[in-house]
Amino acid sequence: MSYLNVDEIVSALQNLAAAYPATAEPVTVPHPTHGGRLGQVLRLGAVRTGEQDAVLLLGGVHAREWVPPDALVSLAADLLAAHSGGTGLTYGGKRFSANEIRFIVEQVNLFVYPCVNPDGRHFSQTVDPMWRKNRRPAAAPGGCVGVDINRNFDFLWDHVNKFAADSGVNTSADPCQNTYRGPARESEPETRNVVSLLDRFPSIRWHVDVHSAVPVILHNWGSDDNQTVDPVQTFRNSAFDQVRGRSGDTAYR
């Protein structure tokens with residue numbers, strides 16, 4: 001079975017919205033990509049008011065990770081069909097009852113954004129399978145294309161000043177690197193589209209960004225080792241600039 005291309009992802013979400021109008025609604029993000037594409041989001045939920053707690057599920061931030069967009073489209077289809085039919089769902093050894101499915105669809109809003117980086121996915125599927133970034137044009141002739149969307153958000157974007165020089169933070173200011181952070185925080189339309197959803201729907205209380213590179217679960221704010229006793233040590237406190245990121249130290253956690 002082949003992976004969905006960008007057009008098929010959009011079509012699948014539109015078809016789900018048409019098939020389940022009472023529990024699914026298309027949401028268009030505002031910023032076209034460098035390639036002129038508009039991403040598609042599907043809101044799942046029987047209650048349309050902004051007062052309902054919501055979850056934002058993202059996929060396809062990294063172009064070469066082809067699995068998450070397909071998985072999120074399938075998840076949306078499974079939830080809508082199970083709710084409509086009054087059935088449960090089973091994934092591997094885990095069973096979700098019909099009542100649990102009913103609760104999810106009727107008591108929570110799910111915003112499913114399967115393909116944050118459609119330009120990158122298209123390029124990865126048609127030209128370079130290992131392409132990771134978006135398709136931001138090079139700043140100069142012969143320069144390097146693309147920004148790592150996962151490094152372009154506002155959170156500690158200025159890594160040179162926010163982290164210790166010897167922290168080994170995997171972010172780059174070099175446009176030719178796969179982890180290039182971009183020329184400015186939130187410079188990319190794909191990044192701004194995610195931010196726009198959080199701003200437009202303040203009922204979103206949880207965010208899950210689905211990747212497929214390594215089998216780990218990373219929790220926010222993942223900038224250093226965990227600690228829960230000292231409220232002064234936060235990523236907002238500039239006193240810890242150029243101190244963060246050293247594994248195992250006690251200066252900042």
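Which residue lies over the face of phenylalanine 123? Arginine 135 does, at 3.6 Å from the ring centre.

## About the model

This is a predicted model, in which local features need pLDDT of at least 70, side-chain atom pairs count only at pLDDT 80 or more, and totals for chains, interfaces and linings use all residues. Residues are numbered from 1 along each chain as its sequence is written, and side-chain values use heavy atoms, with hydrogens and water left out.

## A charge over two rings

Arginine 135 also lies over the face of tryptophan 131, at 4.7 Å from the ring centre. A charge sits over a ring if NZ of Lys or CZ of Arg is within 6 Å of the ring centre and within 35 degrees of the ring normal.

## Aromatic pairs

The structure holds five aromatic pairs. Rings of Phe, Tyr and Trp (its six-membered ring) pair if their centres lie within 6.5 Å; planes under 30 degrees apart count as stacked, over 60 as edge-to-face and the rest as tilted. One of the pairs is tyrosine 3 with tryptophan 66, edge-to-face at 5.4 Å centre to centre and 75° between the planes. This pair links distant parts of the chain, 63 residues apart: tyrosine 3 is in the segment before helix H1 (6–19), and tryptophan 66 is in the loop between strand S3 (54–59) and helix H2 (67–85). Helices (H or I, at least four residues) and strands (E, at least two) are DSSP runs, numbered from the N terminus.

Phenylalanine 155 and phenylalanine 235 have ring centres 4.9 Å apart and planes at 80°, so this pair is edge-to-face. Here too distant parts of the chain are linked, 80 residues apart: phenylalanine 155 is in the loop between helix H4 (118–126) and helix H5 (159–162), while phenylalanine 235 is in the segment after strand S7 (204–210).

## How H1 meets H2

The axes of H1 and H2 come within 11 Å and cross at roughly 10° (axes are lines fitted to C-alpha atoms, for helices over the stretch in contact, and angles run from 0 to 180 degrees between N-to-C directions). The two helices are therefore roughly parallel to each other (angles under 35 degrees count as roughly parallel, over 145 as roughly antiparallel, 65 to 115 as roughly perpendicular and the rest as oblique).

From H1, Ile9, Ala12, Leu13 and Leu16 meet Pro69, Val73, Ala76, Ala77 and Leu80 of H2.

## Arginine 181

Arginine 181 lies in the loop between H5 and helix H6 (189–200). Is arginine 181 buried or exposed? Arginine 181 is buried, with a relative accessible area of 11% (buried means under 20% relative accessible area, exposed over 50%, partly exposed in between, with a 1.4 Å probe and protein chains only).

Terms used
Contact means heavy atoms within 4.5 Å.
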